[in-house]
Amino acid sequence: MTMQDFFGRELERLKRKDSYRWLRAMEGPPEARMRVDGREVIVLCSSNYLGLATHPRLKAAAIEATERLGVCSAASRLIAGNNELYRILEERLAVFKRREAALVFSTGYMANLGVISAVVGDGDVVYTDALSHASIVDGCRLSRATVKIFPHNDVDALEDLLKSDTGFRRRLIAVDGVYSMDGDLTPLPDLVKLSKDYDALLMLDDAHGTGILGERGGGTAEHFGLDDPDAVDIEIGTLGKALGSFGAYVVGSRSLREYLINRSRSFIFTCALAPSALAAALATLDVLDEEPAHRQRLWENLRHFREGLHRLGLSTEPSATHILPVMTYDRQRTMALCERLLELGVFCQGIRPPTVPPGTSRLRFTVTAAHTRADLDRALEAVEKAFREFAPL
Ligand SMILES: Cc1ncc(COP(=O)(O)O)c(C=O)c1O
């Protein structure tokens, strides 16, 4: 079989299983309304949760940094790419997250990969939730540590594993703060306790909680009153979702930062971020401090849209956040609903395995601060119509 035959056959197989993925053409800035595949629609699947991606202060900061420092950082950080903005941003992120130190990575995916594989290895064990993000899963695989998966948010099952496992050198618990496809929270207080009781390190990926949860937008740890340096050993977050820029960071102790600079391959062997991304992230931290209205508007919009879905008889369980899954179960039905919603002027991507477990395909709505009430009401009308056509409500 030639390579071309192989690719063709695999793609046909994916199409037959309703697992085929393709890229949609997005036009315009990432706002509440965009053109998707040539149609103007209300976007309800963006991670620009606070609407900051087009905020004038972020754009001005990115433009100023580009004018002053150029478009590209031109090397990895350990070679010649560690421009001055990194130091300032890392100091600010450490303060924002109430930790000793921060280290900026190029993406959240790379941060999870690079941290887990640097912290544990052969002879160690990593425990992770059954619904952990793919980048945590891939970090576990890459690490060569023994990987143990516990049922979603099942603290007792995790404790049983921690109790019975002996003989490992180091133990790491790696979980999401807000689960990316379900919108529910990790039981952080229980996990912090278990990590202390059983001498395991705790790593929290707060990609979807940062900027949103907690009084200051400090994230899941702040929400639970656990944003002190002793509670969570390692926290990861992305700059590319609520924070409206690009890149990611790890926060923790000074020695963790120094260790990762020396040992984390996805930190070491990659190009430094563009100055514009670093400058925009710095501007975001100011906006988070000075403009709490974005967070408030997000929560108000969330309440309005969630209540609207519930009035239509659509459950958003188990979500506690701005990520709202509406279960559609079947892959074909999910994608048909997604296409129909697009025709009706709403873009909400259908989510299928392997992103979620088999039999749990869904429409995953994300509400943002950028939506108006009119956007959300129009979207609810479209959702009602599409669901009535595909499955009587
Ligand atoms: C929970 C979680 N962790 C990590 C990532 C990866 O972050 P990034 O997009 O910065 O690579 C994502 C992004 O989708 C995510 O949902």
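The protein is divided into domain 1 (20–49 + 292–390) and domain 2 (54–290), with bounds that come from an automatic or database domain assignment. The centres of these two domains, taken over C-alpha atoms, are separated by 27 Å, and their contact, meaning heavy atoms within 4.5 Å, takes 24 residues from domain 1 and 25 residues from domain 2. This is a predicted model, in which local features need pLDDT of at least 70 and side-chain atom pairs count only at pLDDT 80 or more, while totals for chains, interfaces and linings use all residues. Residues are numbered from 1 along each chain as its sequence is written, and side-chain values use heavy atoms, with hydrogens and water left out.

**Around the ligand**

- Of the 13 residues around the ligand, those that come nearest are Gly-108, Asp-205, His-208, Thr-238 and Lys-241, where a residue is near if one of its heavy atoms lies within 4 Å.
- By class, this shell has 2 nonpolar, 8 polar and 3 charged residues; Ala, Val, Leu, Ile, Met, Phe, Trp, Tyr, Cys and Pro count as nonpolar, Asp, Glu, Lys and Arg as charged, and the others, Gly among them, as polar.
- Helix H5 (residues 108–119) gives the largest share of the shell, 3 residues; helices (H or I, at least four residues) and strands (E, at least two) are DSSP runs, numbered from the N terminus.
- A polar side-chain atom of Asp-205 lies 2.5 Å from a nitrogen atom of the ligand, whereas a backbone N or O atom of Tyr-109 lies 2.9 Å from an oxygen atom of the ligand.

**A buried serine**

- Ser-264 lies in the loop between helix H10 (254–263) and helix H11 (265–268), and Ser-264 counts as buried because its relative accessibility is 0%, the class being under 20% relative accessible area, with exposed over 50% and partly exposed in between (1.4 Å probe, protein chains only).
- Leaving aside neighbours within four places in sequence, Ser-264 is in contact with Phe-105, Gly-114, Val-115, Ala-118 and Tyr-259.

**Backbone features**

- The peptide bond that joins Glu-317 and Pro-318 is cis, with omega about 0°, and Pro-318 lies in the loop between helix H13 (293–311) and strand E11 (323–329).
- A cis peptide bond also runs from Pro-353 to Pro-354, with omega near 10°.
- Arg-98, a residue other than glycine, has a positive phi near 55° and is found in the loop between helix H4 (84–96) and strand E4 (101–105).
- Tyr-329, in strand E11, has a positive phi near 65°.

Definitions and conventions: Polar contact = N/O pair within 3.5 Å; in protein donor to acceptor, adjacent residues only side chain to side chain.
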